[in-house]
Amino acid sequence: MVSVEPSTREPLDRRVNMPVSALAGRRRRGRQATPYVLALPTLIVIAALLAYPIVKMIMLSFQHLTQRDLFTGESPSWIGLGNYTAVLSDSFFWTVVVRTVVVAAVCVLLSVGLGLAVALLMRRVTPWVRILMTVAMMLVWSMPQLVSTQVFGWLVDADWGVLNWALDKIPGVDYTNHSWWVNPVQGWTVIVILVVWGAIPFIAISLYAGLSQVPRELVEAAVMDGAGPWAVFRSVTFPILRPLVGIVTTLSAIWDMGIFTQIYVIRGSKPELDYYNLAIYAYQEAFAKSQYSPGAAISILTVILMLGLMAFYVRQMFRIGDAD
Amino acid sequence: MRRRIAVAAALAATLLGAAACGGKSASSSDSLDGKGKTLKVWLMVDAQTGWPGVVDAANAKFKADTGANVTIEYQQWTNHLTKLDATLAGKDVPDVIELGNTEAAKYVFNGGLADITAKKSGFDNSANWLTGLSAPCESDGKLYCVPYYAGARVLIYRTDMFSAAGLQPPKTYEDLVADAQKLKSQHASDPKFSAFYMPGAYWYAAMSWVYGSGGQIAQKGSDGKWKGTLEDPAAEAGLQKWADLAKQYSKGDPTKNESDQDPVFAQGDSAMLYGNGWELGAVQSQHKDANDPNSPMVDTAVKGKVAAVPLPGFSDGKSLPSFLGGSIVGVAQKSKNQGLAAEWIKDFTSTSSQQALLAKGALPNATNLLDAAAAVAGNEASATAAKSSWFTPNAPTWADVEKGNILQQALVDIVTGKKSVDDAAKAADEQITSALNAS
């Protein structure tokens, strides 16, 4: 795991350097080709699974593919930037872009914030409580999204849901048959809770691993100097944790920009327009309305949006490399 | 293997498939000698849960006649077209496909189904097929698929609640509203009580109100272009009446569709329901485990307390036109066993198969069998309702309107009060127009 690296600098350096220097000593020539040969299988798999579909999708976004073309195998016509201009000049697209970004931002803030809080808590509890917490989080983590989404859907169901039943027990509150999906703010709250609930385990466990590398003597020294818990966190713990927080934040941002299963399944595979994000929008255009090419264009635009984030993520990775 | 991964890879799937299929199958596939061959048939789950015997009987006769084997693969309705589209784009396609009758046009016009005009006279009752089923199968005088069965919607009501309130089943729409009002006030103490359970996204129901008021969903102009017509005054009047009923007398999640209305009604907190004829059975007994079609049936809270009548319409003596739902079966254009596939369809839609279907509460595919259907207990109301019915616009891309949630969105917007009837109808019309004229 990447997360343990920041404070294992010494052994890490040695691990990396040893084989390289050994190689350098013996076969200086082969040194340049070997990494590429070793990476070849990975590259082939990536090319087959990723590059081919992506290239086809880019082509599709410049075409007009009809169902007739699809069924009969006729080649679709090329229409240049038509799909893009149509999508970009549609105000609904921009509504969806803003919604996607806002939802992702809320999800990232909550999941990283709560994940960090859980990680800090794990440092303070007794070992068996820590084991219990880890097991609970592993269970959450290992539950397929499809299943957890279905369960959440049942919890908030208007006719059968336990949430309405429980709220109803509070005196003076009437939640009989309350629909959580009429008001999109409530609906998105349910979805955000579901996403954050599913995201916390990875973040908490990664950050906990990072926290365990914070040297105790540094914390002790800070306390001796009169630093309170908050000051210790801000000036000692967090700076050491920062690169790791950067990574989980960027990763979360990428994941949360592309939330699909949770929305699609919890809305009974017929999401209302209020519940469209970019992923749902692209899917609905392509597969619900059979507008394959505009759907592809939306996907490409989403990818471009994500690339910006990816650049940030990669830079973070390199920065950690530099620090080492 | 590559194809399987591709199917999972959503958008990429379609592309990969489109790239993979170059040639067209035009070999001598018409032969009826099926020795050593296996016919692949995609049927919807209704046959598996409702009338497996009909399938077995057709398979047995088919095998005896041709010597070919049959594999049936049962499909779920939810998103089955997405799977079908991805499959049809490839080479390994099912030979026979079942489609909802509103979905057929898309495959008829787009070359998904094979031309079986030459075999039409060989199918039983082909002269008397219900138009709601056969019209979408035809294009330019050619036949591309065969009607399989139909269903019509009726008013299902609680006999015990009606007699406790001293009511008779409604004869006019005004009666129905007055009955709902009386039942509502009688059950005011039950916070979950729906005098008429009507989910917000139940578009088959709402459109019946539209057609009952003289409106329609869309119209084809003289220029051959389609236009959404929900904003016409007649259609809006129907939408308004439907929305009034749903808002006034239905409790429950207004964003739901009709997919779980039977278990909701079976809880016993609703007095009326608009459903298919066979739902009369579905509300009274349900599988013990809803996820296991083999689990035993158990009686619900409303067992023996329900009956069905045609839902009264807006003019005297007429019932509200029901959506004529149903299924058709066709031969895939890319099938390599087209002759065998048509032969299986012949066996599967024969008069004897149809008679076995009637006993299970479905409606037959032909008018000459409707009277026989009405004679089956529990079927009377739906057989009557089928005689006055409406059907979706017969445009090649109609299925995209359904799959695109256009009507459902408009209806939910109306019922939840997010949009006025006029605003929602106009927004829907705009999208219907663009979807129906898309190529």
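This is a predicted model: local features need pLDDT of at least 70, side-chain atom pairs count only at pLDDT 80 or more; totals for chains, interfaces and linings use all residues.
In chain B, 5 strands are arranged as an open sheet of mixed pairing, in the order β2-β1-β3-β15-β6. Strands β2 (69-75) and β6 (145-151) of chain B form the edges, each pairing on one side only. From one strand to the next, the twist averages 20 degrees. Helix α4 (residues 52-66) of chain B lies across β1 (38-44) and β2 of chain B, and runs at about 155 degrees to β2(B).

Within this sheet, strand β15 (residues 325-331) of chain B runs antiparallel to strand β3 (residues 96-100) of chain B, to which 5 bridges join it. In this pairing, V96(B) stands opposite V331(B), and I97(B) has G330(B) as its bridge partner. The pairing of β15(B) with β6(B) is also antiparallel and extends over 6 bridges; here the bridge partner of P147(B) is I328(B).

Strand β15(B) is largely enclosed by the rest of the structure, because 7 of its 7 residues are buried. In a regular strand, side chains alternate between the two faces of the sheet. In β15(B), G325(B), S327(B), V329(B) and V331(B) point one way, whereas G326(B), I328(B) and G330(B) point the other way. The residues of both sets are buried.

The largest nonpolar core comprises 100 residues, and L43(B) and W344(B) have the most contacts inside it. Helix α9 (residues 184-211) of chain A supplies the largest share of this core, 10 residues. A second, separate core contains 59 residues, including L155(B), L183(B), Y274(B) and L411(B). When neighbours within four places in sequence are left aside, the contacts of L43(B) are V55(B), I72(B), E73(B), Y74(B), Q75(B), E98(B), V329(B), W344(B) and F348(B). One of these contacts, V329(B), belongs to the buried strand β15(B).

For chain A, an unreviewed UniProt entry places the feature "transmembrane region" at residues 36-55, 92-121, 128-147, 188-211, 244-266 and 296-314. Over residues 36-55 of chain A, the chain is 100% helix and 0% strand, with 23 Å between the end C-alpha atoms. Residues 92-121 of chain A are likewise 100% helix and 0% strand, and their end C-alpha atoms are 43 Å apart.

Note on methods
Residues are numbered from 1 along each chain as its sequence is written. Chains are lettered from A and ligands numbered from 1 in the order in which they are written. Side-chain values use heavy atoms; hydrogens and water are left out. A nonpolar core is a set of buried Ala, Val, Leu, Ile, Met, Phe, Trp, Tyr and Cys residues joined through side-chain atoms within 4.5 Å. Buried means under 20% relative accessible area, exposed over 50%, partly exposed in between (1.4 Å probe, protein chains only). Helices (H or I, at least four residues) and strands (E, at least two) are DSSP runs, numbered from the N terminus. Contact means heavy atoms within 4.5 Å. UniProt positions are given in the numbering used here, feature names are shortened, and annotations may be inferred rather than shown by experiment. Two strands pair if DSSP finds at least two bridges between them. Axes are lines fitted to C-alpha atoms, for helices over the stretch in contact, and angles run from 0 to 180 degrees between N-to-C directions.
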